[in-house]
Amino acid sequence: MSAQPDNSKDPLAPYEDLIVFIDGEYVPAREAAISVFDHGLLYGDGIFEGIRLYAGCVFKLDEHLDRLYDSARYLNLTIPIPQPQMREVVCETCRRNGLTNGYIRLVVTRGPGTMGLAPWLCPRPSVVCIAASIQLYPKEYYEKGLEVVCAATRRTYIGAFNARCKSLNYLNNIMAKIEGHNAGCLEALMLDQSGFVIEATGDNVFLVKGGRITTPPTYQGNLRGITRDFVVELAREAGHEVAEEPITTFEVYTADECFLTGTAAEAIPVIKVDGRPIGDGKPGPITRALIAAFRARTATDGVMLHPSEAVRS
Ligand SMILES: Cc1ncc(COP(=O)(O)O)c(C=O)c1O
């Protein structure tokens with residue numbers, strides 16, 4: 001399968017009418033521009049968050065902002081907007097686009113600077129907030145499940161860069177995504193240097209075996225997913241044992257069920273890995289119940305955009 005783009009379509013057409021926040025202003029999307037000297041572009045020096053809006057409420061907004069500000073601290077990057085104000089930027093961007101459901105992309109780049117890596121020569125980090133929509137995997141896969149492969153590309157070694165920081169460097173994941181695509185799959189699992197399966201290219205991974213749920217711990221060089229933590233909470237509330245423990249392809253191939261979680265992906269079953277059916281090759285009962293619980297809770301939790309018009313409890 002080719003990873004080449006289809007040049008016949010304008011990929012930005014769906015975003016034409018959006019209002020985007022950039023460096024203190026709300027502007028039409030076509031006017032929102034980042035400098036070609038921004039180190040976010042030149043070196044991938046920056047951070048981001050992907051956040052969901054469900055039924056007029058921003059889901060886990062404070063958790064996403066906490067992670068964004070932690071990512072910034074890791075990179076020694078000072079975000080020019082204090083966290084409480086950033087909360088308002090996210091909500092206001094959604095309001096200005098009249099959204100009730102959507103996907104928010106908050107980006108902080110190192111900002112424009114002279115060429116050369118030195119971040120201290122970039123005095124003004126840039127902040128961008130986009131509120132639009134996303135459909136990461138086609139809808140039918142939430143019912144029938146995904147087939148995935150384990151990528152040969154290893155996840156960045158934790159000593160080289162800690163993926164707990166949600167940075168603008170996704171080439172490692174993109175290499176694995178291309179491998180998945182070339183194998184005819186929409187997603188790929190990634191292993192760490194030691195051969196442990198630690199996450200997918202943009203999602204966390206869960207297994208179910210004998211009713212027990214496992215997911216890799218987050219000290220192995222994977223992202224500590226906010227959806228992951230939420231699903232762990234949902235699973236425990238439902239009375240399941242959940243263990244954060246290292247997993248190998250042995251545990252994956254012999255699991256009864258497998259699923260992925262992420263803000264964009266939400267929760268999605270995996271039914272085949274490297275050509276091997278997982279369990280009976282269909283989305284399992286625990287996965288399906290957790291997806292249902294996930295949908296129920298995301299429809300009622302979150303930070304309201306319009307608290308004065310609240311109709312939800
Ligand atoms: C590499 C990676 N792992 C896991 C996740 C899931 O994290 P979250 O649930 O916070 O979206 C993401 C989300 O972007 C990701 O990029």
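Student: Which element gives the largest share of the shell around the ligand?

Tutor: That share comes from α6, which contributes three residues. Here a helix is a DSSP run of H or I with at least four residues and a strand a run of E with at least two, both numbered from the N terminus. This is a predicted model, in which local features need pLDDT of at least 70 and side-chain atom pairs count only at pLDDT 80 or more, while totals for chains, interfaces and linings use all residues. Residues are numbered from 1 along each chain as its sequence is written.

Student: What makes a residue part of that shell, and which residues are the closest?

Tutor: A residue is near the molecule if its C-beta atom, placed from the backbone, lies within 6 Å of it. The shell holds 14 residues, and the closest are G225, I226, T227, G262 and T263. At least two of the shell residues come from α6, and at least two from β13.

Student: How many of the shell residues are called polar?

Tutor: Nine are polar, two are nonpolar and three are charged. In this scheme Ala, Val, Leu, Ile, Met, Phe, Trp, Tyr, Cys and Pro count as nonpolar, Asp, Glu, Lys and Arg as charged, and the others, Gly among them, as polar.

Student: Why is V208 called buried?

Tutor: A residue is buried if 20 or more other C-beta atoms, placed from the backbone, lie within 10 Å of its own, exposed if 12 or fewer do, and partly exposed in between. V208 has 23 C-beta neighbours inside 10 Å, and therefore counts as buried.

Student: Where does V208 sit, and what does it touch?

Tutor: V208 belongs to strand β10. Contact requires C-beta atoms within 7 Å of each other; leaving out residues up to four places away in sequence, V208 touches I213, A255, D256, E257, G284, I286 and T287. Its C-alpha lies 9.5 Å from that of G279, although V208 and G279 are 71 residues apart in sequence.

Student: How do you know that β10 and β11 pair?

Tutor: Two strands pair if DSSP finds at least two bridges between them. β10 and β11 have three bridges and run in the antiparallel sense, with V208 standing opposite I213 in β11. The two strands form a hairpin with two residues between them, and G210 in the turn has a positive phi of about 60°.

Student: What makes a group of residues a nonpolar core, and how many residues does the largest one have?

Tutor: Such a core is a set of buried Ala, Val, Leu, Ile, Met, Phe, Trp, Tyr and Cys residues joined through C-beta atoms within 7 Å. The largest has 41 residues, of which V148, A188, L189, V197, C258 and V270 touch the most other members. Among the elements that give two or more residues to this core are β7 (146-150), β8 (187-191), α6 (226-237) and α8 (285-298). The largest share, six residues, comes from α6. Apart from this core lies another, of 26 residues, among them I19, L65, L68 and V90.

Student: How is the protein divided into domains, and how many residues of each make the contact?

Tutor: Domain 1 covers 16-132 and domain 2 covers 141-298, with bounds taken from an automatic or database domain assignment. Their C-alpha centres lie 26 Å apart, and the contact takes 20 residues from domain 1 and eleven residues from domain 2. On the side of domain 1 that touches domain 2, β3 gives the most, with eight residues.

Methods
Contact = placed C-beta atoms within 7 Å.
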